[in-house]
Amino acid sequence: MYFYLPTRIYSERDCVRKHGAEWTALGKKALIVTGKSSASNGSLEDVTEALKEQGVSYYIFDETEPNPSVEMVMKVRETGLKEQVDFVIGIGGGSPMDAAKAVALMIAHKDKDADFLYQKGDDTALPVVEVPTTCGTGSEATPYAILTRHDVHTKASLPHKIYPVYALADGKYLVGTRRDILVNTAVDALGHFIESYINTNATEFSHMLCEYGMGIWSSAKNVLIGADVTAEECDTLLLASTLAGMAIAHTGTALPHGLSYYLTYEKGIPHGKAVGYFLPGYLASAGPLIRKKVLTLTGFPDIQYFTAFIHRLLGPMEADEELVTKAVRGLMSNADKLKNVPYPVTEAMLYQICGMAY
């Protein structure tokens, strides 16, 4: 049995301020990597006030792009070096949190160029603190960072493993989130659970996280259909997301994520939405026993009901045959994703998962 998670996770109301003396001790000057929404949901204010209270200076980069690129990371690296920061804080969804990890890596390797991002080797990075404000990525609990690679026209995970030192998960930052963002990110978390559960690398510990987490996710799934979302339901969705991140930290993701990257790069489809398109097919392709277990844990009576629920949330898949073919062929050459699938993968199967004839 194997379990390793060096990140100290606080999942509670006001954890950023409550534990400020602890996480701000990581350095003397922080680089805050975030987007514009952190100024309106209160997360940026909480972080900066905690830093001020402890006399720690900071520099804010608040122009993180959706699906951050290698080029953006290198730009922010130069800012961090100029500002002489010694730790990095990511605030937001997966884009700022993943970018924060990549920037922390590159500041620690200031003599390396962008090629180093995708070279296996030294994982040394500046300390990273993550403050999630969406309920899908789970990046606060994983060592992964996924960037847009314009050189190969897709998104790709870094081979470097960069665990945050602290994860500060407070559901209040989700209150008032746009419904499409809430839905897409919650579907991403569901994808993490399903892809971790149906995975070559799954263990009793990762299954434990998934089984408990899918129940948590299921308890709040109906609010995604259109009901008003309470602060308590935001707490529940964020807890599920963090648990899903803890699970994939040990297993990685599988086919839906691998296929989704092409849709996000080529058509700008939000990550969680792109992942969700392939979840019914991935679940259907699994063995009947594990499929039934996942459906029971997530509160769906059968695969048809599950598929209808996903389609109701996301609508029809926004990809034509040419793009699907590109995704299928690209994934068939992605050994890292294929090895995570606990059964043989063929092109015909991938087309089936995509809902298209081979």
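Which residue of strand 8 does Tyr10 stand opposite? In this predicted model, local features need pLDDT of at least 70 and side-chain atom pairs count only at pLDDT 80 or more, whereas totals for chains, interfaces and linings use all residues. Residues are numbered from 1 along each chain as its sequence is written, and side-chain values use heavy atoms, with hydrogens and water left out.

Tyr10 stands opposite Leu168 in strand 8, and strand 1 and strand 8, which run parallel, are joined by 4 bridges. Helices (H or I, at least four residues) and strands (E, at least two) are DSSP runs numbered from the N terminus, and two strands pair if DSSP finds at least two bridges between them. These two strands belong to an open sheet of 6 strands with parallel pairing, in which the order is 1-8-5-4-2-3. Strand 1 and strand 3 (57-61) stand at the edges, each with a single partner strand, so one side of each has no neighbour in the sheet. On average, and with direction ignored, neighbouring strands of this sheet are turned by 15 degrees against each other.

Helix 3 (residues 43-53) touches strand 2 (29-34), strand 3, strand 4 and strand 5 (128-132), and its direction makes about 155 degrees with that of strand 4. Helix 8 (residues 231-251) touches strand 1, strand 5 and strand 8, and its direction makes about 165 degrees with that of strand 1.

Leu158, in the loop between strand 7 (154-157) and strand 8 (166-169), counts as buried because its relative accessibility is 2%. Leaving aside neighbours within four places in sequence, Leu158 is in contact with Ala102, Leu105, Leu117, Tyr118, Ala145 and Leu147. Thr24, in the loop between helix 2 (20-23) and strand 2, is likewise buried, at 2% relative accessibility; with neighbours within four places in sequence left aside, its contacts are Ala50, Leu51, Gln54, Val56 and Phe87.

Asp14 lies between strand 1 (8-11) and helix 1 (15-18) and is partly exposed, with a relative accessible area of 36%. Gln84 lies between helix 4 (70-83) and strand 4 (87-92) and, at 67% relative accessibility, counts as exposed.

A nonpolar core is a set of buried Ala, Val, Leu, Ile, Met, Phe, Trp, Tyr and Cys residues joined through side-chain atoms within 4.5 Å. The largest such core has 72 residues, of which Trp217, Leu224, Leu255, Tyr282 and Phe306 touch the most other members. A second, separate core of 26 residues includes Val33, Met74, Val128 and Ile162. Not counting residues up to four places away in sequence, Tyr282 touches Ile194, Glu195, Ile198, Ala254, Leu255, Pro256, Val341, Pro342, Tyr343 and Ile353.

Notes. Buried means under 20% relative accessible area, exposed over 50%, partly exposed in between (1.4 Å probe, protein chains only). Contact means heavy atoms within 4.5 Å. Axes are lines fitted to C-alpha atoms, for helices over the stretch in contact, and angles run from 0 to 180 degrees between N-to-C directions.
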